[in-house]
Amino acid sequence: QVQLVESGGGLVQPGGSLRLSCAASGSSLWTYTMGWYRAVPGKQRELIASITSTGGTNYADSVKGRFGISRDSARVTYLQMNNLKPEDAAVYYCNAKRFGFDYWGQGTQVTVSS
C-alpha cells in the first residue's frame with residue numbers, strides 16, 4: 001500500500017508560481033512512476049507530468065516549458081508551476097503507479113485569478 005498526501009496548493013495571480021509537494025509513505029517507493037494529474041468539473045482527469053524511477057520525465061503539451069516535476073527522494077515528489085494561467089486552475093492529484101497498481105492522493109486546489 002502507498003499513501004500520498006499533496007500540499008502547496010492555493011490562490012495565485014496569473015503569471016505567478018506555486019510548488020506542489022507529494023509526500024509518499026509505503027514500501028519500495030523508489031520503484032514507482034510518480035505523476036501529477038489535474039481535474040476540473042466536466043472534464044476528464046488529465047495527466048500533466050510524470051517522472052519514472054530512473055528520472056525520466058514527460059509533460060503534457062499544455063504545461064511544457066512552464067511546469068517541472070522532480071523527486072528529491074523516494075518519498076517526495078514536486079511539481080514546480082511557473083507562469084500560471086487561469087486555465088491551470090484545477091484540483092491537482094498526485095499518483096503513484098507500478099505494475100498496474102494506482103494510488104492517489106486526496107488532491108490540492110490551485111486557483112489562478114487576479
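Contact means heavy atoms within 4.5 Å. The exercises below apply this term and others to a predicted model, in which local features need pLDDT of at least 70, side-chain atom pairs count only at pLDDT 80 or more, and totals for chains, interfaces and linings use all residues. Residues are numbered from 1 along each chain as its sequence is written, and side-chain values use heavy atoms, with hydrogens and water left out.

**Exercise 1. Contacts of serine 70**

Task: Determine where serine 70 is found and which residues it is in contact with, leaving aside neighbours within four places in sequence.

Solution.
Step 1. Serine 70 is found in strand β7; strands (E, at least two residues) and helices (H or I, at least four) are DSSP runs, numbered from the N terminus.
Step 2. Once neighbours within four places in sequence are set aside, the contacts of serine 70 are Ile51, Val76, Thr77 and Tyr78.
Step 3. Serine 70 is partly exposed, with a relative accessible area of 33%. The cut-offs are as follows: buried means under 20% relative accessible area, exposed over 50%, and partly exposed in between (1.4 Å probe, protein chains only).
Step 4. Valine 40 lies 30 residues from serine 70 in sequence, and their C-alpha atoms are 24 Å apart in space.

**Exercise 2. The chain as a whole**

Task: State how many helices and strands the chain has, and describe its dimensions.

Solution.
Step 1. The chain contains zero helices and 11 strands.
Step 2. The radius of gyration of the chain is 13 Å, close to the 13 Å that the globule rule gives for 114 residues, so the chain is as compact as a globular protein of that length. This radius is taken over C-alpha atoms, and the globule rule is 2.2 Å times the number of residues to the power 0.38.
Step 3. The C-alpha trace spans about 40 × 25 × 20 Å along its principal axes.
Step 4. Of the 114 residues in the chain, 40% are buried.
Step 5. Among contacts with a separation of 6 or more, 53% are made by residues 24 or more positions apart.

**Exercise 3. The nonpolar core**

Task: Identify the residues with the most contacts inside the largest nonpolar core, and examine leucine 79 and tryptophan 36.

Solution.
Step 1. A nonpolar core is a set of buried Ala, Val, Leu, Ile, Met, Phe, Trp, Tyr and Cys residues joined through side-chain atoms within 4.5 Å. In soluble globular proteins, nonpolar side chains tend to be buried together.
Step 2. The largest such core has 28 residues, and Leu4, Trp36, Leu79, Met81 and Tyr92 have the most contacts inside it. Elements that give two or more residues to this core include β1 (2-7), β3 (18-26), β4 (33-39) and β9 (90-98).
Step 3. Beyond four places in sequence, leucine 79 touches several residues, among them Leu20, Trp36, Ile48, Phe67 and Tyr92.
Step 4. Tryptophan 36 is placed in strand β4 and is buried, with a relative accessible area of 0%. Its C-alpha atom is separated by 5.9 Å from that of isoleucine 48, 12 residues apart along the chain.

**Exercise 4. Cysteine 94**

Task: Decide whether cysteine 94 is buried or exposed, and list its contacts.

Solution.
Step 1. Cysteine 94 is in strand β9.
Step 2. Its relative accessibility is 0%, so cysteine 94 counts as buried.
Step 3. Apart from neighbours within four places in sequence, cysteine 94 is in contact with Leu4, Glu6, Cys22, Met34, Gly35, Trp36, Tyr103, Trp104 and Gly105.
Step 4. Cysteine 94 and tryptophan 104 are 10 residues apart in sequence, with 5.8 Å from C-alpha to C-alpha.

**Exercise 5. Loop residues**

Task: Describe phi and accessibility for serine 28 and phenylalanine 99, then characterise leucine 29.

Solution.
Step 1. Most residues other than glycine have a negative phi.
Step 2. Serine 28, although not a glycine, has a positive phi of about 55°. Serine 28 belongs to the loop between β3 and β4 and is partly exposed, at 35% relative accessible area.
Step 3. Phenylalanine 99 also has a positive phi, near 50°. Phenylalanine 99 is found in the loop between β9 and β10 (101-104), and its 76% relative accessibility counts as exposed.
Step 4. Leucine 29 is in the loop between β3 and β4; at 5% relative accessibility, leucine 29 counts as buried. Not counting residues up to four places away in sequence, leucine 29 touches Val2, Ala24, Arg71, Ala74 and Arg75.
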